[in-house]
Amino acid sequence: MSEYTAKDYKKGQPRWCPGCGDHFFLSSLHKAMAEIGVPPHKTAVISGIGCSSRLPYYMNTYAMQTIHGRAAAIATGFKVANPDIAVWQISGDGDGLAIGGNHFIHAVRRNVDINMVLLNNRIYGLTKGQYSPTSPRGFVSKSSPYGTVEDPFHPAELCFGARGHFFARAVATDAAGTVEILKAAYAHKGASVCEILQNCVIFNDGAYESVYTKEGRAKHTIYLEHGKPMLFGEHKEYGLMQEGFGLKVVKLGENGVTEKDILVHDAHCADNTLHLKLALMDGPDFPVALGVIRDVEAPTYDEAVNQQIEEIKAKKPYHNFKELLYTNDIWEVKA
Amino acid sequence: MAEPLEVKELDQVVVRFSGDSGDGMQLAGNIFSTVSATVGNDICTFPDYPADIRAPQGALTGVSAFQVHVGAGRVYTPGDKCDVLVAMNAAALKTQYKYAKPTACIILDTDCFQPKDLEKAAFTTDNPIEELGIKNDVIAAPITQMVKDCLADSGMDNKAVLKCRNMFALGLVCWLFNRDLEIAFNMLREKFAKKPAVADANIKVVQAGYDYGANTHASVAHTYSVESKTKKPGKYMDIMGNKATAYGFIAAAEKAGKRLYLGSYPITPATDVLHELSKHKSLGVTTVQCEDEIAGCASSVGAAFAGALAVTSTSGPGVCLKSEAMNLAVITELPLVVLDVQRGGPSTGLPTKSEQTDLLQALFGRNGESPMPVIAATSPTNCFDAAYFACKMALEHMTPVVLLTDAFVANGSGAFKLPDLDEYPDIRPPYVTPDMAGHYTPYMRNPETQVRYWAIPGQEGFMHILGGLEKDGRTGAISTDPENHDLMCRLRAEKVAKIPVPDVEVQGRVDDAELLIVGFGGTYGHLHSAMDEMNAAGKKVALAHFSYLNPLPANTAEVLKKYPKVVVAEQNLGQFAAYLRMKVDGFMPYQFNQVKGQPFVVSELVAAFTEIYNQ
C-alpha cells in the first residue's frame, strides 16, 4: 500500500475552463501517483506550452513548465542526468506532435524511461481555436474557415513508427480507465505514450462525443486487457476477429462465432502490426480501443547510458582529471 | 651516407604542409608539431582545410593545409607566411605558394606533377615552377615512387601504400630540422595501436624520408635547429583548442563534484568537443547526441534542473536554434554553459573558417531582457581556463554563460602546461541549506549577489516549479504583475552585472603608449605579435585584450580612456567596437575589421596600425 494520497500530489487551484478535459485528467493523475506511491519529492513533472501544459503548476512535486514543444527533450536530459526521479512529461497535441514532433519521435525511439502523456483535444485552445495536427481533414477553425486540406497524425502511428514500446489510450472523463493506463505507463520501463482523448469545451466541444460518457464508451469502445479476449458492447456481445490483413467485428452467436474464435489481446507481442490495427480502429464500423494497447519490454536509454559509464569505468585505467591528462603524450621541460 | 650538413640555429620557423585532402597533411603536420613541442619549442598551429566533403582528387578546391609555427621562445600565431612549404601535388603548389616567404624552401612530390596533375591544377605550361615565378630552393623528390619502393615487400595494396606519402614528407621535414624521429615513431605506434602493420609501414616511410634527406642533402645548403629557450619548467602536452575546452569542462565538473552532461548536435567546427567528451565515460561524463540543436540545449536545461553541470556545444547557426532554450535557462536561472565555436556566417556561411561575428548574437540575440555572461577564449590552450571559469560562473551565479571560441583557436594547438587542479579556485554552487526546507521558494536570493538558491530534485521539503513564464519573486507562482516583472528583469540583470571578473590587463608600453590596440578572443596572438613588432620598431604601443565580455572588467573605461589613440581590431564589421561605445561614454576608437574567414595577417595589422599611429 502506498503511504500517499491524491492530496499529497495536489497543489493550487486549476484555472482551466469549467468542463475542460484537463480537470478530469489532472485528478486521475493525482490518484494514479498516489497509488503508484513514488514520493512527491522523487517525482518530476515537465511540460511544454499550451492549456494542458499548465498542469505542472497543480502538482506538489518538482516540476517545470518549459517552452513550446521541447518538453520531451528537456525530460530526456533530466532523466539521463538523474535517473532516480520518476519523470512525467505532459504535452498537448500541438506541443507534442506539431512544434515538438521531432522530440516526441526521438524520445520514443531512444526509449527514455519517461511517462509521456499526450492530451489530445484536436485543437489549439490557448491560442483560441486553430486546427492542430490531429484535427481531421476538412476541420473548420479560425485558421481554416473553409476546412483544412491536410490529413491528421494518428499519435499511435507516430509512436509505432518511432519504434515505440508502450502505447495506451484513455478518455479523460473515464477516471478508472485513465488511472489504469497511467499506472501501467509508470510500471513500463521506457518511453510510455498515453493518449488522453478529451474535448475542448470552448473550441472543439464534442470532438469525442461518442466515447465521452460511460454509455457511449460501452457502445463505441473496447477496453483492451492483456490476455483477455477482445470483447465489447453493452453486454460484451461483440468481438474482434482477424480477417485477411485486417480486423473484423463479429457478434457472438451469429454465424457460429463463439468466444474462442475471438482474438486474445497480447500487449507484450514484439511485432506491432496488430497493435497498430487496434490503435487505428474508429467508429462507426469499429470500436475505439482503450487501455494498454502495446507494452513490450526493451532496454531503456537512460539505463543504457549509465550502464555504459559503469562498464567503461571498470575497463579504462583513468578515473579523474589528473589521470586523464597523463593519457596524453607528455614531455617535461626541466628547470 | 653523405657528411652531415652544417646546422643553422633559428629562433623560429613556419612550416606549411599541403596536399590533397586525402593526403594526410593534417596528420603529418600534427606529428611534426608534437615532435617540436616535445623537445621544448613553443608551437602554434593552424589547420586550413576545405569545406568540400571530398573534392575530386588533385583538384584546386580539394587542397588541405596545416601550418605550424615553431619557436625557441614564445610564439603567438601560426605565422603569416611559411619558411618551408610542402606541396604534395600540383594543386597544392598552385594554391599554397602565396603562403610561402620569398626565401622559403619548397618540397615537392614530382610524381604528382605529371601532365594530368598540372592540368587539374590549371597550369598552362609544363613547368609549374617557372609559371609561378618560383625562385626559391626547391626539393623536388619522386616521393610517390620512393614510398612504393620502400613498401614493395610490405604486402600492402597500392591504395594503402599511397596513404603513407605524407610520412615521407614528414621524415624529410624532420631531417631538415634535425628532429628526433623516435618521438614520431611513438606517436604512430599509439595512433595505429590496433593496426601494427600500418604503424610499421608508416614508421618505415618516415625513416625513408629522413634518410633521403640525409643521403642526398636534398639540394639544400643547411639543416636547421630550433632550440628551446624560454619555456617554464614543467610537464607539457600538445593540445588543440576544442580538446582544451572539453578538458576545462571535465576539470570544472570534478572540482564542483558534479556530473558533466553534454547535450549536443554535430556541427563544424565544434564537433570535436562532442567527440572528446564522448570518450571519457570513465570519468562519468554523460554525452547525448540529440536529434537537433534545440534538443541539445533543451536537454541540457533539463539536466541542469536535475542537478548536473550542463553544457551544450555548437557553432553560430546552432546558437540561432538554441536561443529559445538558452532563454529558458535565463528565466529559470539554471546553470548552463553554451559553447559557440564561431565560424563564418551568416547562415551556413563558411563552415570551416573562422570569424568573430557571433559576439552581438551571444550578448543580445534573444527575446526579452536576457542578460547572459559571455567569455571568450584567447588561444587554443586558453580554451581550458575559459571553459573552467565559464562553468564556475554558471554554477556559482545560477545563470547560462556563453563561451565563445572560434574555428581558429578550436582547431589550432599549442604547448599546454599540465594544469594542477589544486591551484584552481573551488566551485561552490549556492545549494539550499537544510534550514530553508519547508519554506523554500525558487527565487529566494542572496541579497549581496542576487543569486538564487539551488534545490536539486529528490530532496524533501524543496519541491518547486520552474518555468518559462514570469514568476513572483517571493512565492514562485506565475505572475503578470507589472511591478514584479519590472523587478525580476532588474534582479536578473543585476545578478549578471555583479559577477566579479578580473581586470583587463594592459601589455606592452603600459605607461606611455601612443596607441592602444583592443581586441577580444581568438585574435590575441596576432594582435600581440603586431604590438611586439611595432614596439621593436620604436613605436609606443600597448594591447588590452578582453576575455570577459559580459560583464566587462571594472577597469574597462579607465583603460580605454587612458591612451591618446585606440584601435579596436576584430574579425567582424565592428561588433566589439559598437559594444564598447555603448558601454563606455564618449569612447571613439579607430577600427580595423576583416571578415575573410582567415586569421589576421600580422604584417597587415602592423601596416594598418602604423598608419593610425602616424596620423
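Author: A:Gln65 stands opposite B:Gly467 in β17(B). This is a predicted model, in which local features need pLDDT of at least 70 and side-chain atom pairs count only at pLDDT 80 or more, while totals for chains, interfaces and linings use all residues. Residues are numbered from 1 along each chain as its sequence is written, and chains are lettered from A and ligands numbered from 1 in the order in which they are written.

Reader: What makes β2 of chain A and β17(B) a pair?

Author: Two strands pair if DSSP finds at least two bridges between them. Strand β2 (residues 62-65) of chain A and β17(B) have 3 bridges, in the parallel sense, so they count as paired. Strands here are DSSP runs (E, at least two residues), and helices are runs of H or I with at least four, numbered from the N terminus.

Reader: How many residues of chain B are in contact with chain A?

Author: 57 residues of chain B are in contact with 50 residues of chain A, where contact means C-beta atoms, placed from the backbone, within 7 Å. On chain B's side, α12(B) gives the most, with 10 residues.

Methods
Two residues are in contact if their C-beta atoms, placed from the backbone, lie within 7 Å.
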